[in-house]
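Reader: I'm new to this one. Can you walk me through it?
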Amino acid sequence: MSDGKYLTLSTNAKIPQIGLGTWLSKPHEVENAVEIAVRNGYRHLDLAMIYKNQDEVGRALKKVVPSVVKREDLFITSKLWNCSHRPEHVEPELNETLKQLGIDYLDLYLVHWPVAFPHTGQLITISEENPNEVALDLEPSLVDTWKAMIALPIGVSNFSIKHIQGIADATGVWPVVDQIEAHPLLPQDDLVAFCKEHNIHLTAYSPLGNNLAGKLKIVDYPEVQAVATKLGATPAQVLVAWGVYRGYSVIPKSVQESRIKSNFQQVTLSKEDYDTISSIGHNKHTRFNTPITYNTPNDKKWDINIFDEEAEKSATHQIKII
Ligand SMILES: NC(=O)c1ccc[n+]([C@@H]2O[C@H](COP(=O)([O-])OP(=O)(O)OC[C@H]3O[C@@H](n4cnc5c(N)ncnc54)[C@H](OP(=O)(O)O)[C@@H]3O)[C@@H](O)[C@H]2O)c1
């Protein structure tokens, strides 16, 4: 086992291959989780305005910077939320994120989704026409938002090949990173190949099969458990190793100390083990994070086609690239 591996971005910056995810880390949990993670060697933190916990992450950072780690030895990613896509809102939201975190720069700033919401003072506004849907802002294009981001250390998230190609063709500026859902049930081979060709680093989110209640986590698949038993590893370590084998960075989320620690301990898969884990995705294409299917009191449906998934065929709206 080893830990602490880095990959190089197109900017020549080094990104630690394993990072800590923080989505759905509840208040009072995430401060602790970030402190434990940094004390145990994590140097890459994945954050976002919409996770509504950056102020707590900021409190944890105060406890470990500079006593445990220098700021410049951390790699901190955050994301522009959908309600700030209009160019005049981009930099103010970045500044708000920096204020919440109590730091003066990010290592990476991503456009969180290729979807805009209205800027109402709320992160999410319910549609007036349909109380089961979020309100969308159909005015700003991806290119408008991208042009406002260009002055910053930038990447994107949840962007498909055509979204990336569209913003790059229009501006000549390629994102440094695309953060996407990727795991054995959603390997996204075409997007992986495209990003490799254009020197775009990929970060895989939901590597363990997501954080949403009620879904079978990939850690619970028998094939994953069998490889884990064979290697004397945990199923989560096997899934992180599957992403590492594919050459990108991976950001498992946990708020539990033992898991935060073990998820960071790397194991190496043989080609045979890698193929066994890949095989669980055959004919089982599963994208956990498809916003048109959101349907909880807190997460209403986004009536827009982002990924061309079957479930999105009924969407009223398409992404406006240019
Ligand atoms: N860009 C985007 O749109 C986007 C979307 C989704 C996620 N993300 C980022 O990616 C991160 C990771 O994705 P995710 O949170 O969806 O899911 P994930 O990391 O695949 O899975 C997290 C779930 O697995 C559990 N878990 C963690 N370690 C485990 C272990 N060793 N054994 C068994 N279960 C374990 C966690 O519970 P405990 O906490 O109780 O351990 C939690 O329920 C997020 O936190 C976020 O930072 C980004």
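Predicted model: local features only at pLDDT ≥ 70, side-chain atom pairs only at ≥ 80, totals over all residues.

Reader: Ligand first. Which residues come nearest to the ligand?
Author: Asp46, Ser206, Leu208, Ser254 and Arg259 come nearest, out of 29 residues around the ligand.

Reader: What kinds of residues make up that shell, by class?
Author: The shell has 14 polar residues, 10 nonpolar ones and 5 charged ones.

Reader: How far is the ligand from the side chain of Ser254?
Author: An oxygen atom of the ligand is 2.6 Å from an N or O atom in that side chain. Backbone atoms take part too. A polar backbone atom of Val255 is 2.9 Å from a ligand oxygen. For a polar backbone atom of Pro207, the distance to a ligand oxygen is 3.2 Å.

Reader: How much of the ligand does the protein bury?
Author: The protein buries 92% of the 910 Å² that the ligand exposes when taken alone.

Reader: New topic. What order do the strands of the open sheet take?
Author: The order is E3-E4-E5-E6-E7-E8-E9-E10, which makes 8 strands with parallel pairing.

Reader: Which strands stand at the edges?
Author: Strand E3 (20–21) and strand E10 (249–250) do. Each has a single partner strand, so one side of each has no neighbour in the sheet.

Reader: Pick a pair inside it. How many bridges join E5 to E6?
Author: There are 4 bridges between E5, residues 75–80, and E6, residues 108–111. These two strands run parallel. As one example, Ser78 has Tyr109 in E6 as its bridge partner.

Reader: Now pockets. How much space lies in the second largest pocket?
Author: About 310 Å³. Its lining has 17 residues, and Ser160, Gln188, Leu191, Arg287 and Phe307 lie nearest the centre of that pocket.

Reader: Which elements give two or more residues to that lining?
Author: Helix H5 (161–171) and helix H6 (189–197) do. H6 gives the most, with 3 residues. By class, the lining of this second largest pocket divides into 8 nonpolar, 6 charged and 3 polar residues.

Reader: And how many cavities of 30 Å³ or more are there?
Author: The structure holds 1. About 30 Å³ of space lies in the largest cavity.

Reader: What lines the largest cavity?
Author: Ile18, Gln237, Val240, Ala241, Asn263, Gln265, Gln266 and Val267 line it. Helix H8, residues 235–245, gives the largest share, 3 residues. The lining has 4 nonpolar and 4 polar residues, and no charged ones.

Definitions and conventions:
Residues numbered from 1 in each chain as written. Heavy atoms only, no water. Near = heavy atom within 4 Å. Polar contact = N/O pair within 3.5 Å; in protein donor to acceptor, adjacent residues only side chain to side chain. Areas by Shrake-Rupley, 256 points an atom, 1.4 Å probe, with all protein chains shown as cover. Nonpolar A, V, L, I, M, F, W, Y, C, P; charged D, E, K, R; others polar. 1 Å grid on protein atoms, 1.4 Å probe; cavity = no way out; pocket = protein on both sides within 12 Å on 5 of 7 lines; lining within 4 Å. Points joined across faces, edges and corners; volume = space filled by probe spheres on them. Pairing = 2+ DSSP bridges.
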